[in-house]
Amino acid sequence: MPYKVIINSTQVKFSASHFLKEPFKCSRLHGHNYYVTVELSSELDENYFVVDFIELKKKVKSIIKPIDHCVLIPKLSQDLEIYEDKDSIEIITRTKKRYVFPKSDTMFLPLRATTSELLAKYIHGKVKEIYPNKHIKVILEESKSTMASYED
Ligand SMILES: [Zn+2]
């Protein structure tokens with residue numbers, strides 16, 4: 001795949017809070033300003049593009065919009081008990097910490113955990129649904145010095 005287009009992280013970002021598996025420090029509720037870089041590779045199309053930059057940027061922004069400013073909940077976690085009622089989500093951890101969030105502030109993700117690695121894979125999967133024939137790499141920065149990527 002000789003050609004590649006890159007959507008730079010300076011323009012594609014979202015803020016979210018999460019907590020990871022105990023007993024790590026990150027098991028406490030905290031937040032990040034996440035920055036997303038997406039790379040697409042393929043042969044050129046009939047317009048001599050890998051993909052139209054403007055279209056790609058718009059698509060990636062539409063993928064991250066639903067998770068922006070949300071508490072991210074890993075729906076497939078084996079470490080959390082999750083209870084839902086009409087307006088709220090209650091979560092009990094293995095050490096019996098109990099969180100209750102307004103449903104409107106949460107976003108369930110089909111993940112076992114909301115690590116940067118799995119969030120990168122989640123975003124990658126959504127990009128792949130749109131561009132199934134491209135080689136795709138997603139890099140997710142959770143701080144200036146820490147990032148994770150997934151590619152396929
Ligand atoms: Zn974190």
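**Aromatic cluster, zinc site and surface patch**

F19, Y99 and F101 form one aromatic cluster. The model is predicted: local features need pLDDT of at least 70, side-chain atom pairs count only at pLDDT 80 or more, and totals for chains, interfaces and linings use all residues. Residues are numbered from 1 along each chain as its sequence is written, and side-chain values use heavy atoms, with hydrogens and water left out.

**Aromatic pairs**
- There are 3 aromatic pairs, counted for rings of Phe, Tyr and Trp (its six-membered ring) with centres within 6.5 Å; planes under 30 degrees apart are stacked, over 60 edge-to-face and the rest tilted.
- Y99 and F101 are stacked, at 5.7 Å centre to centre and 15° between the planes.
- Y99 is buried because its relative accessibility is 13%, where buried means under 20% relative accessible area, exposed over 50% and partly exposed in between (1.4 Å probe, protein chains only).
- F101, with a relative accessible area of 9%, is also buried.

**Zinc site**
- The zinc ion has the protein donors H18 (NE2), H30 (NE2) and H32 (NE2), lying 2.0 Å from it; donors are N, O and S atoms within 2.8 Å of the metal (3.2 Å for Na, K and Ca), and water is not among the atoms, so sites may look incomplete.
- H18 lies in strand β2 (residues 13–18) and H32 in strand β3 (residues 30–42), so the pair ties together parts 14 residues apart in sequence; strands are DSSP runs (E, at least two residues), numbered from the N terminus.
- H18 is buried at 1% relative accessibility, and H32 is buried at 14%.

Technical notes
Helices (H or I, at least four residues) and strands (E, at least two) are DSSP runs, numbered from the N terminus.
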